[in-house]
Amino acid sequence: MRRFKADYIYTITGDIIPDGIVVTDDHGKILSITDEKISLDPNIERYEGIITPGFINTHCHLELSHLHQKIKQKTGLIQFIKEVILTRNYPEEIILSAIQKADEEMWKNGIVAVGDISNQAISAEIKHKSKIRYHTFIEMIGIEEAKVKEIMQNASILKNQFKTPASLALHAPYSISIELIKELRRYCKGKENKISIHLQESKHETELFMTKTGPFIGFFKDLNINAESFKAKQKNAIQSIVPFLPKKQNILFVHNTFTSLKDIYLTKRFDLQLFWAFCPSANLYIENTLPSLDFFKQTDFPITIGTDSLASNDSLDILSEMKILKKNTNCFATADILKWATLNGAMFLGLQTDMGSIEVGKTPGLNLLQNLKDGEICEATTLKKLI
Ligand SMILES: [Zn+2]
């Protein structure tokens, strides 16, 4: 049994408890949470700072970990993707050792569950053995309508190579067809299949969708992608895809860098289980910009946080992401952002019965945050993983 005391316990689902004590069993399961004012128990581990549940990283690409510091910064999404495609092939042992290191780094940084995008099965064994709980999104790519069945089939084969939970997901509106979304919707009928899709990461995606113009046309040519079946839609990406997404499935919109208030209002009109993911470090790395965070005060859907991959980030660290988010919002406080990093992520991954909040019976992991400024996360804030 272990007992932890800190200035504040952020339970996330309940009150913030000043001078609270969290008691866990040897496996980290929460046995009780109290606010006994004076306890003389010498076995209590006492800390300054706040105790939070373990963090949930809803967006990562473990299989790109070996590209750490290999891709030029701030060149824009199209150049970034080109470089990733051209440079991602490395000997298997280099990729595996980078994945292993990234997995250990996330654990050390207080991350207990990860939503991870995969195009290959190379991360399967490390995920299976990891202390972190993984959900793998098998990423489907392909703009040609004629190839929809083949793409779905290949994705299903890849999914079966993972021993940890996995589901079929979509890459991004600019790299898929509406037919593929419809086929995925048919596949989802009667089963649970969590979906993730990169969205509005570049303003050029809007040009492509509205008028089939802009740098994506050259991108398709350079990569020999047949984009003939893609038609201009006079609507942006979010407006174009939302009507075709499956209902009753958790769907994660990742990045949302160019999402407008109008787009946020539009999503309210559809009966969907949407979640938003912010990956601010990657947005700064790739496009040198950030989403209009304060617009999301208007959303009805939960917000989550992702690190994206080491190809577009210096570390896989949710605290670093929270620092950027806190610095760039006037509407959200640390308590809101902590909920994004914990409970909301757990809800998206379907882990909320066991993770995401400090409640009796859950095994959420415990992080200690220190060096806050007036109770808010700041540049100096540090993390110590307690469990
Ligand atoms: Zn990504």
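Asn256 is found in the loop between strand S13 (250–255) and helix H9 (261–268), where helices (H or I, at least four residues) and strands (E, at least two) are DSSP runs numbered from the N terminus. Although Asn256 is not a glycine, its phi is positive, at about 55°. With a relative accessible area of 0%, Asn256 is buried; buried means under 20% relative accessible area, exposed over 50% and partly exposed in between (1.4 Å probe, protein chains only).

A word on what you are looking at: this is a predicted model, in which local features need pLDDT of at least 70, side-chain atom pairs count only at pLDDT 80 or more, and totals for chains, interfaces and linings use all residues. Residues are numbered from 1 along each chain as its sequence is written, and side-chain values use heavy atoms, with hydrogens and water left out.

Now compare Asn224, in the loop between helix H7 (215–222) and H8. Phi of Asn224 is also positive, near 60°, in a residue other than glycine. Asn224 counts as exposed, at 73% relative accessibility.

Let's turn to the metal. The zinc ion has His59 (NE2), His61 (NE2), His198 (NE2) and Asp308 (OD) as its protein donors, lying 2.1 to 2.6 Å from it. Donors here are N, O and S atoms within 2.8 Å of the metal (3.2 Å for Na, K and Ca), and sites may look incomplete since water is not among the atoms. Along the chain the donors follow the spacing H-x1-H-x136-H-x109-D. His198 in strand S12 (residues 195–199) and Asp308 in the loop between S15 and helix H11 (318–327) are 110 residues apart, so this pair links distant parts of the chain. Both His198 and Asp308 are buried. Why is the arrangement irregular? The four donor atoms around the zinc ion subtend angles of 83 to 171°, which makes the arrangement irregular. For four donors, tetrahedral needs all angles between 85 and 135 degrees; four count as square planar and six as octahedral if opposite donors are over 155 degrees apart and all others between 65 and 115, and anything else is irregular.

Next come the aromatic rings. The structure holds 12 aromatic pairs. Rings of Phe, Tyr and Trp (its six-membered ring) pair if their centres lie within 6.5 Å, with planes under 30 degrees apart counted as stacked, over 60 as edge-to-face and the rest as tilted. Phe219 and Phe220 make a tilted pair, because their ring centres are 5.9 Å apart and their planes stand at 55°. Phe278 and Phe296 are edge-to-face instead, at 5.0 Å centre to centre and 85° between the planes. Phe278 lies in strand S14 (residues 273–278) and Phe296 in the loop between helix H10 (280–286) and strand S15 (303–305), so the pair ties together parts that are 18 residues apart in sequence. Both of these phenylalanines, Phe278 and Phe296, are buried. They also belong to a cluster that ring pairs build from Phe253, Trp276, Phe278, Phe296, Phe332 and Trp340.

Ser175 is buried, with a relative accessible area of 10%. The buried residues of H5 itself include Ile178, Leu184 and Tyr187. Just after H5, Gly190 takes a positive phi of about 75°.

Finally, step back to the whole chain. The domain assignment gives domain 1 (1–53 + 357–387) and domain 2 (55–355), with bounds that come from an automatic or database assignment. The C-alpha centres of the two domains lie 31 Å apart. Their contact (heavy atoms within 4.5 Å) takes 23 residues from domain 1 and 22 residues from domain 2.
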